[in-house]
Amino acid sequence: MRKLLLFLLLSAAVPSAAQPKAPEAFPYPVKTDRLPNGLTVVRVPFHSPGLVAYYTVVRVGSRNEVEPGKTGFAHFFEHMMFKGTKKHPEGERERLLATYGFNDNAFTTDDFTVYHSYGPTAGLDALIELEADRFRNLEYAEPSFRTEALAVLGEYHKNEANPWLRMEERLLGTAFQQHTYRHTTLGFYEDIKAMPEAYAYSRSFFERWYTPDNTLLFIVGDFQDGEVLAGIREHYGPWNRKVAQVPIPAEPPQKEKRTVSVEWPSSTLPRQVLAWHTPAASLTTPSAAIQSVLSDYLVGATSPVYKELVLDKQLVESIGSGFSPHRDPSLFSLHATLKAEEGRPAAEAVLTRAIQELASGKVDTARVQAIQSNIRYSLLMNLEAPDEVAGQLAWYAGIFGSPDALSRHLQNVARVQPEQLVSFAKRYLVETNLTVLTLTPATGGKP
């Protein structure tokens, strides 16, 4: 029934020539308050008897790691946030949440870090107190810090067994010369190995970025709003640090095509990545919305490129886009996993031709409109449980910095015009702005 309602909601909201104004994109009521200390508190009442999702967004990621030798700390600190406080020593928080049955985890991106819990409303009061305590009063000793640093190193070793980590490292290191996006969220390997010696720096990292004015809370589900807000005011109100003002180095314009190759020592399929520098995500400009549509337009399942390379000629195993909105100017990328090395020239030629045709003004208006509807519908279909709703709200708020970012971004997507894809491709998807990565396996692409 909910899927039917969402479908009807979507169908009624698709913009037309007679209705240029983009519709309200988020289907649930939202309440937002900002505490005197700067903490943003967003609540979404949702019919989920006895269940609630609790997401904390801290707007710090690998982009904020500006000091030489200190990359990877945003991700590392995600680990340290589970190390306890004087009131609730390490392990006590997890034991308490387990008695209620909460699912509890965290993740770090280039631009933000998210801590999320999902479980029974009966445990919400306890969860609020526990979360406020660790964000205000995190406490850990140096031996615990050193142990966790070794765990992060182990995580890196596990991930480096996958070709995509090596590819990401080489692509970012080639495309970026100054900006902190030149390293992955895990950080440079040498910096990770040196983490055990950075205990003092870790304390300053906490003080610098884990502040109420740099944090947003999202509570979605079955709860009494007045009681929840009162509890948040009580426990988070005394939190009084201010976010640091640390400039992020700007990336100079790229003036010529760059290439980088990766030789993979074991059996895997060949890969090809094309990446261009594109503007930062903003809710007041169309760039992020254009790229959201453009990625599907160029290599989505309905694209001529997909039909030719995947279905007809069967030259590639998979094809897609690596685009994700970023706080600062980042990369718009297209990637293909080839079935064999011999298909690389033809695959790149098909991708290049599609971009050139778009830049020349050839654009399928009907397909653009279908993609816009699909983006909206697909997202609405992933808003069927409190955890899904909170996760989507948190993700877009982490990027754009606004609690209503999800709805406003979808409104921007609905406003994208076909000619904007043409002008974007003409301006940004050009050879002088391009970085090409190739991965070649030791066996020539025959696993």
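This is a predicted model: local features need pLDDT of at least 70, side-chain atom pairs count only at pLDDT 80 or more; totals for chains, interfaces and linings use all residues.
Local features need pLDDT of at least 70 and side-chain atom pairs count only at pLDDT 80 or more, while totals for chains, interfaces and linings use all residues. Residues are numbered from 1 along each chain as its sequence is written, and side-chain values use heavy atoms, with hydrogens and water left out.

**Sheet**

Six strands form an open sheet with mixed pairing, in the order β1-β2-β6-β3-β5-β4. Strands are DSSP runs of E, at least two residues, and helices are runs of H or I, at least four residues, numbered from the N terminus; two strands pair if DSSP finds at least two bridges between them. The edge strands are β1 (31–34) and β4 (103–108), each pairing on one side only. Strands β3 (residues 51–58) and β5 (residues 113–120) are antiparallel over 8 bridges; valine 52 has glycine 119 in β5 as its bridge partner.

**Aromatic pairs**

The whole structure holds 30 aromatic pairs. Rings of Phe, Tyr and Trp (its six-membered ring) pair if their centres lie within 6.5 Å; planes under 30 degrees apart count as stacked, over 60 as edge-to-face and the rest as tilted. Two of the pairs are listed here.

| Pair | Geometry | Centre to centre | Between planes |
|---|---|---|---|
| Phenylalanine 73 – phenylalanine 76 | edge-to-face | 5.6 Å | 65° |
| Phenylalanine 424 – tyrosine 428 | tilted | 4.7 Å | 45° |

Phenylalanine 73 and phenylalanine 76 are about one helical turn apart because they are 3 residues apart in helix α2. Both are buried, meaning under 20% relative accessible area with a 1.4 Å probe, protein chains only. Phenylalanine 424 and tyrosine 428 lie 4 residues apart in helix α16 (residues 418–428), and both are buried.

**Charges over rings**

Arginine 134 lies over the face of phenylalanine 82, 4.7 Å from the ring centre. The charged end of arginine 367 sits over the ring of tyrosine 297, 4.0 Å from its centre. The criterion is NZ of Lys or CZ of Arg within 6 Å of the ring centre and within 35 degrees of the ring normal.

Terms used
Buried means under 20% relative accessible area, exposed over 50%, partly exposed in between (1.4 Å probe, protein chains only).
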